[in-house]
Structures are given as structure tokens and as C-alpha cells.
Amino acid sequence: LPNFAKKIEIYLFFRVLDLIINFILVWYYCTLTIREAILSINGSRIKGWWMMHHYVSSVLAGITVTWGGGECYQNIRKQFVIFYFYLSVVQLLQCRYQTGCLRRLRALGQRHSMDISVEGFSSWMFRGLTFLIPFLVLTYIFQFFNAYKLYYLSQLPVCSGQWQVPALAFGFLLVACCNVFTLLAVLINKWRQGVALRSKRQAEPPSKMQ
């Protein structure tokens, strides 16, 4: 009995901790979508997928909150914890990159004060972007792996009747695919702008020495 009571106590502790984390995620993504909607109305140029991504992330976090803490959930709990910890680190890196680019562009008078994302291209942006890309790619691979693991769990008898499992599998797959396509589109666009910028510089006549 003492061992059983201890297991129940540990289970309740981790279950409450998981609920707190997921409630924080729901709150974070909901407030983020509200802020982005306000900024978009006031003239901010936010990519459509990024807003949709935050809506989908809010739904995924909400579904996870409703998922009971049974054996099925325990099969993927550790993976979720590692994923959310890694995702928080990547989001901090993204925030630092975007903030640095916007601060420099605003100082040069090339961006509006309501902008929260970087449009266009400058050669110095590649320094931060090339550092960030491997972390983003690993995040998307992790999302694909989450989708695969959830789909695998949905086929097991222990997860029978739990609609959250296939719903989360589809959600992670959708987010991963759209993130990959968006990253490829951004890289192609920046590469083209970089080529155009280099061509423009080569076409300019050299300045004469006074």
C-alpha cells in the first residue's frame, strides 16, 4: 500500500505539471494570435501561415489538455516534454534573430514600427539565418516524429476510443509540412533577392576617388 500510494502521488504530481504546461501553451498562443490580429489590422505585414500556425498550435495545446493521463498518454509524455523544452529554446533563438534584424532595419529607416517580421533581404541577414536554419530543420523533423508516434499509438488497443491521438497526429503533420514548405519558400525568396542585390552592385559604376 505505501508503494501504491507513492505511485499515485507521483502520477498526480506529473499530471498536474503537464496540465499547467499545456494551459500555459494555450494562454501563450491565444494571446499571441490576438496581438498579431491587432497588429495586422494596424498595418503590420505578417505572413498568413504564421498566424494560422499559432491558431493550430492553440488547438493542439487545447486538445492535449483534454487528453487523460492514462497509459496511452504516458507512452508519449516524455517525448512531449523534450519537444516543448527544445521548442522553447528555438523560439528564443528566433526571437533574438527577428529582434536583431528589425532593430537594425528600423535604425536604417527601412521598416515600419508596426512590423514584427522581416521582409526583404540584406547580405548581413545570412549570418544569423544560417545559424538558425539547422535548429528549425531539427524542430520540423521532431514534429514529423511526433505525428508518426501519435499515429502509431492510435493503432494500439490501449489508445482505442481516444480521439485526441489521431487529432494530434494530424495536427503535428499539418504543422510540420507547412513549416517545411514555408522555410523552403523563404530560403528561395532570400536567395533570389541576394542574387538580385549582388547583380545590382556589380552593375553600379565604381565610385571615383576625389
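Cys 72 and Cys 159 are both buried, a word used here for a relative accessible area under 20%, while over 50% is exposed and anything in between is partly exposed (1.4 Å probe, protein chains only). These two residues form a disulfide with sulfur atoms 1.9 Å apart, where a disulfide is a pair of cysteine sulfur atoms within 2.5 Å. The torsion about the S-S bond of Cys 72 and Cys 159 is about 100°, so this disulfide is right-handed. It links distant parts of the chain, 87 residues apart: Cys 72 sits in helix α3, and Cys 159 lies in the loop between α4 (125–154) and α5 (164–203). Helices here are DSSP runs (H or I, at least four residues), as strands are (E, at least two), numbered from the N terminus. A search of the whole structure finds one disulfide.

A word on the model itself: it is predicted, so local features need pLDDT of at least 70 and side-chain atom pairs count only at pLDDT 80 or more, whereas totals for chains, interfaces and linings use all residues. Residues are numbered from 1 along each chain as its sequence is written, and side-chain values use heavy atoms, leaving out hydrogens and water.

Now let us turn to Trp 67, in the loop between α2 (48–66) and α3 (71–107). Trp 67 is buried because its relative accessible area is 1%. Setting aside neighbours within four places in sequence, its contacts (heavy atoms within 4.5 Å) include Cys 72, Arg 15, Phe 80 and Gln 164. The C-alpha atoms of Trp 67 and Gln 164 are 6.2 Å apart, although 97 residues separate them along the chain.

Next come the aromatic rings. Rings of Phe, Tyr and Trp (its six-membered ring) pair if their centres lie within 6.5 Å; planes under 30 degrees apart count as stacked, over 60 as edge-to-face and the rest as tilted. That rule gives seven aromatic pairs. Tyr 29 is buried because its relative accessible area is 6%, whereas Tyr 28, at 32%, is partly exposed. Phe 83 and Tyr 84 make a tilted pair, with 5.4 Å between centres and 55° between planes.
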